[in-house]
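Reader: I would like to learn how to read the contacts in a model such as this one. Could you take me through the features one by one, giving the general idea before the case at hand?

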Amino acid sequence: MKVTLLKPIGFCQGVIKAISKAYQVKNANKDKNVFVLGKLVHNEKVIKDLESKGIFTLDVNSQDISEIIKKIDEDDIVILTAHGHSKNIEKLLDDRRIKYFDTTCEKVKENMRIIKDNEANGIIYIGKKNHPETMASLSVSNNVFLYDINEGIDYSKVIFSSPVVINQTTLSFLEIRKIHLDILNHLPSALIYDEVCNATRLRQEMLLSKKEDYEIIFIVGSIHSSNTEQLYRIAKDRYKDSFVVKVNSLEDVKKLDLSNYHTCLIGSGTSTPLEIIEEIKDYLEGMN
Ligand code: SF4
């Protein structure tokens with residue numbers, strides 16, 4: 001099969017920094033337990049690799065975070081994820097005198113600063129409900145109102161006439177544009193900030209700029225990865241006549257009957273390891 005890679009591929013800078021920080025912390029604390037509060041980045045292979053090196057992920061969705069922190073020993077070390085964290089988490093860790101390291105991506109931190117600086121005017125935050133970055137951003141101030149990308153917003157609850165509008169960093173810039181129009185329709189004085197991060201935006205723009213047609217488009221990444229999901233949605237919309245499929249590994253690709261396909265494009269999320277993309281590429285090139 002003829003395979004084309006959608007560039008850029010591999011980790012974004014935020015993911016690279018979070019992973020190297022985690023390994024650095026473990027290397028400097030070989031004799032201690034090192035836990036990540038939630039998924040360091042949204043990719044199962046990365047999480048497995050971390051575990052094989054003694055860096056364990058705590059599932060923060062199954063129970064109250066304060067209960068999880070209570071079970072961590074004072075000598076253990078905690079790593080906070082690249083997506084950001086609710087502001088009460090640092091206090092809970094400080095209260096227990098647990099040492100922690102923050103790997104929040106700079107772009108997410110920048111968003112949080114914008115929220116803090118503008119909280120007096122009110123904030124509309126466009127994001128996906130229950131995503132860790134969204135939950136972290138909502139925790140910055142009581143004046144943040146969620147515009148959920150699937151459910152929308154109840155404008156009657158927004159008590160500010162000219163709120164700042166900001167968004168989760170890993171959404172589709174096309175979908176956000178539509179949401180901005182909806183917000184401006186209801187609140188014409190709203191102040192719009194477009195905060196899709198460059199790593200996410202570039203992949204979306206590169207996909208939209210492709211002139212060629214492909215019989216199959218693979219979008220490689222975890223079901224939990226927001227930017228992978230957005231890239232997949234854009235691909236579905238852009239390549240209506242192609243078979244567009246989201247996969248997480250070579251095993252997922254092997255389950256498909258690809259005997260009638262001859263050209264494909266492989267795109268990937270910002271937390272998808274290069275090895276997975278290369279494995280899939282080699283497998284597909286070996287076909288036909
Ligand atoms: S996708 Fe964007 S916001 Fe997320 S870690 Fe990468 S650079 Fe940071």
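Reader: How many salt bridges does the rule find across the interface of domain 1 and domain 3?

Author: A salt bridge is a side-chain nitrogen of Lys or Arg within 4 Å of a carboxyl oxygen of Asp or Glu. By that rule one salt bridge crosses the interface of domain 1 and domain 3. Arg-233 forms a salt bridge with Glu-175, with 3.1 Å between the closest N and O atoms. Please keep in mind that this is a predicted model, in which local features need pLDDT of at least 70, side-chain atom pairs count only at pLDDT 80 or more, and totals for chains, interfaces and linings use all residues. Residues are numbered from 1 along each chain as its sequence is written, and side-chain values use heavy atoms, with hydrogens and water left out.

Reader: Where do the domains lie in the chain, and what area do domain 1 and domain 3 bury between them?

Author: The bounds come from an automatic or database domain assignment, which gives domain 1 (2-10 + 198-285), domain 2 (13-105) and domain 3 (107-192). Buried area is the accessible area (1.4 Å probe) that two parts lose on being put together, summed over both. Domain 1 and domain 3 bury about 920 Å² between them, with 51% of it on carbon and sulfur atoms. On the side of domain 1, Ser-226, Gln-230 and Arg-233 lose the most area to domain 3, together 43% of what that side buries.

Reader: How many residue pairs are in polar contact across this interface?

Author: A polar contact is a pair of N or O atoms within 3.5 Å; within protein, one must be able to donate a hydrogen and the other to accept it, and residues adjacent in sequence count only if both atoms are side-chain atoms. Across the interface of domain 1 and domain 3 the rule finds six such residue pairs, with both residues at pLDDT 80 or more. Helices (H or I, at least four residues) and strands (E, at least two) are DSSP runs, numbered from the N terminus. Of these, α8 (198-209) and α9 (226-238) each supply at least two residues of the side of domain 1 that touches domain 3.

Reader: Is Asp-148 buried or exposed, and which side chain of opposite charge is nearest?

Author: Buried means under 20% relative accessible area, exposed over 50%, and partly exposed in between (1.4 Å probe, protein chains only). For charge, Lys and Arg count as positive and Asp and Glu as negative, while His and the chain ends are not counted. Asp-148, which lies in strand β7 (residues 144-148), is buried yet has no salt bridge, and the nearest side chain of opposite charge, Lys-129, is 5.7 Å away. The side chain of Asp-148 does reach the backbone nitrogen of Asn-150 at 3.0 Å, and a polar atom of that side chain lies 2.7 Å from the backbone nitrogen of Glu-151.

Reader: With which residue does Lys-129 meet in a salt bridge?

Author: Its partner is Glu-151, the two side chains meeting at 2.8 Å, N to O. The pair links distant parts of the chain, 22 residues apart, with Glu-151 in the loop between β7 and β8 (164-167) and Lys-129 in the loop between β6 (123-127) and α6 (132-138). Glu-151 is exposed, with a relative accessible area of 58%, whereas Lys-129 counts as partly exposed at 39%.
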